[in-house]
Each structure stands twice: as structure tokens, then as C-alpha cells.
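Trainee: I have the file open and would like to go through it with you. Where should we start?
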Amino acid sequence: QLEVYDHETGLWVSTAKPVDLFNPDFPTTVIVHGWNTTESDELQPWTIDIAWSVTKRENYDVNVLAWNWMEEAKKENGAPENIKKQASLMTQSLHNLFSDPTVNYSQQIHLIGHSFGAHLIVWGSLKLIQNEFCNCKITQITLLDPPEVGWVWLIFQVGIPDISEPI
């Protein structure tokens, strides 16, 4: 699920309508966590630290979003096998947000992925780049501690992304 960082409270806000907390005039950073080794389904505290740092660096003129797939990222739930599905779900959520008539988004996007989240954002970014559903631009991708499994393994496990499929 897509969550929005509220810089006033310093917390993630789960909302069915992220557009309510989204400013289409600001660039956007999307944070994606990786493997969940905890019992919790809450986003880890490090995501708040990064959201706060990005917000402060941009003088509060930035949208910070997180893709929460904590339940699906648990080892027993097959985290690696869920990457393709989660990338598609994240891409669809971003598509819905950016194509909302009240948004008409055309700003820069920075994707940050940790662990298996690094694989998820690369997979998702291929879809975002190829399917021009908005005038937005992915200008930066940051991969934090991607698993050593490598891209060959990932492609073997989940296949090469079919970027011709519509979002």
C-alpha cells in the first residue's frame, strides 16, 4: 500500500486517497523497504529517518511516499517471489495518483529501494519509464544494500519485465 509521509507529525499516513496529502507542484521521493524479518507489518523506523532527511533537505517542498509491503516481504511469504507482483501494484498505485485529474503530475521522481526493495523499484521503474502515463521524470534511483542474488537470479526467478503491458 502507498503511504504518505506527513512532515508535521513525522509519521506515515495510510490513506486510500494519497492525493489528499500530495502536492503536484513538488518533486516526489518513493521509499521501498526490503525483506521483513520482524513480526511487525509497520514500516521500519529507518524509513521515517530517510523521509525526514529528504523533507528537510528539500526545505519541506517535497512529497515523500513509501510502498508498504511488509506482510508480503516476510521470508515465509516468499519475499523474492513477490517482487514482480509488488512492483506492479506499486506502479499501479503511482499511476492512479499521478493521473488523478486534480494532480496532473509532471515533476521529478526519486526512487529509493532497500534490500529486495531495490529490486522492486528497478522492476517498477522499467514500467514507469516505458508507460508514459504522466509527464513525470525518474531522475534518480538509489539502491541501498541490494541482495547479492544479482540480476541474473532475479530475472530467472520472476522473468524479464514485459514493459509493453499497460499499467
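Mentor: Let us start with the whole chain, keeping in mind that this is a predicted model: buried residues make up 44% of the 167 residues in the protein.

Trainee: Okay, and how many helices and strands does the protein have?
Mentor: There are four helices and six strands, and from the N terminus on the elements follow one another as β-β-β-α-β-α-β-α-β-α.

Trainee: What share of the contacts comes from residues 24 or more positions apart?
Mentor: Among contacts with a separation of 6 or more, residues 24 or more positions apart account for 79%.

Trainee: Let's take H1. What span should its residues give, at 1.5 Å a residue?
Mentor: Helix H1 covers residues 45-57, and its 13 residues should span 18 Å, while the C-alpha atoms at its ends are 19 Å apart, which agrees with that expectation.

Trainee: Which of its residues are buried?
Mentor: The buried residues of H1 are Thr47, Ala51, Val54 and Thr55. Viewed down the axis of H1, these buried residues fall within an arc of 100°, so they line one face of the helix. On the other side of H1, Pro45 and Arg57 are exposed.

Trainee: And what do those buried residues pack against?
Mentor: They pack against four strands, namely E1 (2-6), E2 (11-14), E3 (28-32) and E4 (63-67). Threonine 47, whose place is in helix H1, gives an example: it counts as buried at 0% relative accessibility, and, not counting residues up to four places away in sequence, threonine 47 touches Trp12 and Ile31.

Trainee: What about the strand side, say valine 64: buried or exposed?
Mentor: Valine 64 lies in strand E4 and has 1% relative accessibility, so with the cut-off for buried at under 20% it counts as buried. Leaving out residues up to four places away in sequence, valine 64 touches Glu3, Val4, Tyr5, Trp12, Thr29, Ile31, Ala51, Val54 and Thr55; of these, Ala51, Val54 and Thr55 are among the buried residues of H1.

Trainee: How far is its C-alpha atom from that of threonine 28?
Mentor: The two C-alpha atoms are separated by 5.7 Å, although valine 64 and threonine 28 are 36 residues apart along the chain.

Trainee: Before we leave H1, what follows it?
Mentor: H1 is followed by asparagine 59, which has a positive phi, near 55°.

Trainee: Switching topic: which residues have the most contacts inside the largest nonpolar core?
Mentor: That core has 24 residues, and those with the most contacts inside it are Val30, Val32, Leu65, Trp69, Leu94 and Leu120. The elements giving two or more residues to this core are E1, E3, E4, helix H2 (83-98), strand E5 (108-114) and helix H3 (116-130), and H2 gives the most, with six residues.

Trainee: How is E5 placed, and why call it largely enclosed?
Mentor: Five of the seven residues of E5 are buried, so the strand is largely enclosed by the rest of the structure. E5 pairs with E3 in the parallel sense over five bridges, where isoleucine 31 has isoleucine 112 of E5 as its bridge partner. Seven bridges join E5 to strand E6 (residues 137-144), and these two strands also run parallel; there, glutamine 108 has lysine 137 of E6 as its bridge partner.

Trainee: Last one: how many aromatic pairs does a search of the whole structure find?
Mentor: The search finds five. In one of them, the rings of phenylalanine 98 and tyrosine 105 have their centres 4.6 Å apart and their planes at 15°, so the pair is stacked. Phenylalanine 98 is buried, with a relative accessible area of 2%, and tyrosine 105 is buried as well, at 1%.

Trainee: Which cluster do the ring pairs make?
Mentor: Ring pairs link Phe22, Phe98 and Tyr105 into a cluster.

Notes. Residues numbered from 1 in each chain as written. Predicted model: local features only at pLDDT ≥ 70, side-chain atom pairs only at ≥ 80, totals over all residues. Heavy atoms only, no water. Expected span 1.5 Å × (residues − 1). Buried < 20%, exposed > 50% of the residue type's maximum accessible area, 1.4 Å probe, protein only. Arc of directions from axis to C-beta. Contact = heavy atoms within 4.5 Å. Phe/Tyr/Trp six-rings, centres within 6.5 Å; stacked < 30°, edge-to-face > 60°. Core = buried A, V, L, I, M, F, W, Y, C linked by side-chain atoms within 4.5 Å. Pairing = 2+ DSSP bridges.
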